[in-house]
Structures are given as structure tokens and as C-alpha cells.
Amino acid sequence: MRRAQCLIGAGCLSVLFLGTAPIRAQQDGGPEEGGPVLTFGISSTLSATDNYNLDPNNGESATLFDSRLSFGYVNRRANDALSLDLSGVLRANEPPGGSNTFDDRRARIGYERQGVNSALSFGADYSLSSVAARDPFDDGFFDDDLPDETDFSRDRGDEKRISARFGFETGLNDPIGFILEGRYQERSFTGTTDPDLYDTETFSVSGTTRFTLSPLTQTRLVLRYEDYSAADGPRTDRRTSSVNLGLTQALSKVDTLDVLIGFQKIETDETIGGLRRSDTDTGLTGSVAFTRELARGTLGTTFDLSESVNGTTATWLVSRALPLPRGAIEVSLGAASDVSDTIRPVGSVEFTHQMKRSTLTASLERQVQTSSRSNELRITQASLGYTYEINSLSDLEFSANFAEFARAGGPAVNDTTRADLRAAYHRDLTRNWQFSTGYEYRVRDEDGVGSATSNRVFLTLERDFVLRP
């Protein structure tokens, strides 16, 4: 936690450094904008589920009554914004595998401040939830985390996450600018039995110096450092540092080229056979990106070279973004060479289409990436959503989600798949109250463990209301 305190201390010092210029701008800019807004929410759900824990041997069924309570505070002014979000689930009865009476506790605070020639942001996140109740297709409270294969784990006990972040940039309008960013992440488990669910701690910091040589040319020097420690069997402690040089060049009014070349060093300490051993891996990293602005959308290509303790991964993509009369489509196709020199297809598709009374969305993505635990993964994600407006008070919603974590070279990893299908009916009972009911089908399949399915029906009554003090 000492590293988290360092981040908070750095944020306070930056507030003092940033203070004088924004205050002057606020006085000159007239009255404050926005102001404080309070949001309160309650959502009560009665549900019946078979095989609640997705056990391959047909686990226990459950009838549950849960109430999610939420509170939000936002205060936006001319030059800064402060936000606070709190929520949790109050359970009337305990689901199979156990749970806290007040479960899925979440807290998030964030602050942003824009100065005349500088910008500041910092915040912190906290969550405590039951492992058995985790949903990989949830709203992604920590959606900026690296993928972790334990996100699909099935166990009892609790998971706690703590995250603190900080960013400061100065020289926004100057030929030379500086960017400092830092983050602390802690993930811990209690009451679990799976040996892969162990505590981890990560601290990372990066510094960037930007040089604007001309309106068409910009260079940058980027220094990065990360310290990762885990309470796994070998008590892993990994330190990663890198030096990078970048160039962004406008080739024409529509063409832009970005090049980044770096050198990375990874130092790993592990306890093997009762002895503490150290290994060092070094290698080149970098990326090249070319983008062309077209009359309709953009066309581009990227090549990325990354290094981990397991080897080198190279990824090449060609992308096209195209606006449509009633939506948009973005497509990227390419190939990745993983640490075992196997060529794998990668890419993504995002599609939206707005009709008179309905909306269709679809996405598909496959990538080869190193997880937060330095395992090499082939990650596939897909989603399909359709909403049909029956009238001004009600609508139908259908969705399908799929996700797969599979080994892509490197250490052995159990290939795991999760999927769900959901159909729901929503109706506004009054201006503030909404009623929902529906059906959900879930699937989980893991190599060496087996597959499991679950059916769930639910009925939800919810309300949100806003106050402006």
C-alpha cells in the first residue's frame, strides 16, 4: 500500500503545482458550469437459477432476492470535475457456495482538472465480490486491466481489488511537454481453494517528454517501469523497464505516420527448489502505424512488436473505419506470430445499425496478448445485441456474448470458454420506475474440467432519481 500512498502524494503535489493558472482562468471565464448532481438508484431482482455455480456435475439450484443500491456524485465546473460512485448488492438469502450479505461492493472516485497549459487527473477504485458471483460479461468496473485467465475461474470465497491512478501533463501549448503517469493495482483472494487464485500487486509508472519540432513533426522519449509481485508458488517478483523513442510525422494533409522503437529489460526473481533465482530477459519492442483520412472514414495499418518473459509476439493489422447512413462499421484484419512462432489470424469487427424502431450491434475480436500473469493467451470475444422498441413505454432486448481464453505458446493454460444468451422485456411503469423480466442461458467449458450449463429467469423492479442541490 506504500506505493498507492506515493501516487496519492504525487497527485496532491501536482494540484499545488497546477493551482495558480486554472484559478485565474476560472475567474476570467465567467460563472461555473454544471454544478453538483446526486444520483440514487435501487434495483431489486427475484431470480431462479439451476446450476448456479456452473458445476460440470450439475450443481445446486437457487432462488434469490437481491437488491442493488447505488449512489453517484458528479460536480462539473469550468476547469475541473469530481466524481464519486458507490454501489453494492444486498442479498436476502445466501446463494450456493456462500456470499457476503452485502456483496459486490464497489467504490470509485475520480478527479480531473484542465489548466491553461497543463492537465491533471487521479482516482482510486475498490471492489469486493464473491468469486462464484462474478460475471465476465459485466459492465467492466476495471475494464482497463490486462486480461487475466482467472476471470473465468469457478470457486468459492471473495475477491478484492484496489487500484489507484495518477496522470499529469504540462506544456500542452509549448514546443516541449512532459507527461507523468502512475498506477497501483492490488488483487487478493480469501476463502478460495483454487491454487491459481493467488494475491498479486503491480506498480507502474511512465514518463514522456514530447518535442514539437514543427507543425508536422513531433518526437517523444518514453520511460516506463513496472514492478509485479505475486504470492504464487515461486513467489514471483518481476521488474520491467523500457526506453522508447517515438516520431509522429504528418506526411500530407491526410496521411500520418507514427513510429516507436524501444529497448526492454525484464528481471524476474523466483524461488525454485528452495533457492532464490534471478533471470534477465532483454529485447527490442516497437510499433509502426500509418493512417489515411478518406472522404468517408479512415484506412490504416499497424505493426506491433512486444516482448515478454516467454518470447516475442509480432502483430500486423490492416484497418478500415467507414460511417454508414444509419450506423458505422470498423474492420481490422491481420496476423500475429506468437512466442512459439505460430502464425495466428487476428482482427476485429464492430458494427452498429440504427433502424426506425430497433438497434442492432455486433462485435468480434481476436488477439494474441500476454496476460497480467505473463501467460500467452489467444483471446476471442464476440457479442451481438438487438433492441426493439414496442412503444414509448416498453421494449424487447436480445443479447449474446462469447469469450474464450486459450493458450498461445508459453506456459500451459487451460483453454476456457464462457457464453451467455439473454432475452428481456422492459417497461416503464412510471416516470421513475422500470420493470424488467427475462431469461438467461449460460455456458462454461474448461479443458480438463468439463462443461456446464445454467438456466435463469428473473424479474427486476428498479428506480433511479437525480437531485441537484
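1. Let me start with the aromatic pairs: the structure holds 4 of them, where rings of Phe, Tyr and Trp (its six-membered ring) pair if their centres lie within 6.5 Å, and planes under 30 degrees apart count as stacked, over 60 as edge-to-face and the rest as tilted. One of them joins F40 and F465, a stacked pair with 5.4 Å between centres and 20 degrees between the planes. F40 belongs to strand β1 (residues 35-49) and F465 to strand β22 (residues 450-467), so this pair ties together parts that are 425 residues apart in sequence. Strands here are DSSP runs (E, at least two residues), numbered from the N terminus.

2. A word on what you are looking at: this is a predicted model, in which local features need pLDDT of at least 70 and side-chain atom pairs count only at pLDDT 80 or more, while totals for chains, interfaces and linings use all residues. Residues are numbered from 1 along each chain as its sequence is written, and side-chain values use heavy atoms, with hydrogens and water left out.

3. The cut-offs are under 20% relative accessible area for buried and over 50% for exposed, with partly exposed in between (1.4 Å probe, protein chains only). Ring pairs also bring F71 into the picture, linking F40, F71 and F465 into a cluster.

4. Now compare F152 and F405. Here too the aromatic pair is stacked, at 4.8 Å centre to centre and 20 degrees between the planes. The two residues are 253 residues apart, with F152 in the loop between β5 (118-130) and β6 (158-170) and F405 in strand β19 (residues 394-407). F152 is buried, with a relative accessible area of 4%, and F405 is buried at 7%.

5. One more ring deserves a look: R373 lies over the face of Y198, at 4.0 Å from the ring centre. The criterion is that NZ of Lys or CZ of Arg is within 6 Å of the ring centre and within 35 degrees of the ring normal.

6. On to the charged pairs. A search of the whole structure finds 22 salt bridges, each a side-chain nitrogen of Lys or Arg within 4 Å of a carboxyl oxygen of Asp or Glu. D80 and R113 form one of them, their closest N and O atoms being 3.2 Å apart. D80 sits in strand β3 (residues 80-91) and R113 in strand β4 (residues 102-114), 33 residues apart. Both ends are covered: D80 is buried at 7% relative accessible area, and R113 is buried at 11%.

7. Please also check R187 and E159, a salt bridge whose closest N and O atoms are 2.5 Å apart. R187 is in strand β7 and E159 in strand β6, so the pair ties together parts that are 28 residues apart in sequence. R187 and E159 are both buried. By contrast, the salt bridge of E267 with K265, at 4.0 Å between the closest N and O atoms, has a partly exposed E267 at 27% and a partly exposed K265 at 33%. Salt bridges that share partners join R134, D151, E159, R161 and R187 into one network.

8. Which residues make the nonpolar surface patch? I176, F178, F211, L213, L221, L223, V243 and L245 do, over about 720 Å². Patch residues have over 30% relative accessible area and no salt bridge, with like charges joined within 9 Å and nonpolar side chains (Val, Leu, Ile, Met, Phe, Trp, Tyr) within 5 Å; areas come from the Shrake-Rupley method with a 1.4 Å probe, and for residues only the protein chains shown count as cover. The elements giving two or more residues to the patch are β7 (176-190), β8 (200-214), β9 (217-230) and β10 (237-250). F178, in strand β7, is partly exposed at 44% relative accessibility.

9. Most residues other than glycine have a negative phi. N51, however, has a positive phi near 50 degrees, and L54 has a positive phi of about 50 degrees. N51 is buried at 4% relative accessible area, and L54 is buried at 4%.

Terms used. Helix = DSSP H or I, 4+ residues; strand = E, 2+ residues; numbered from the N terminus.
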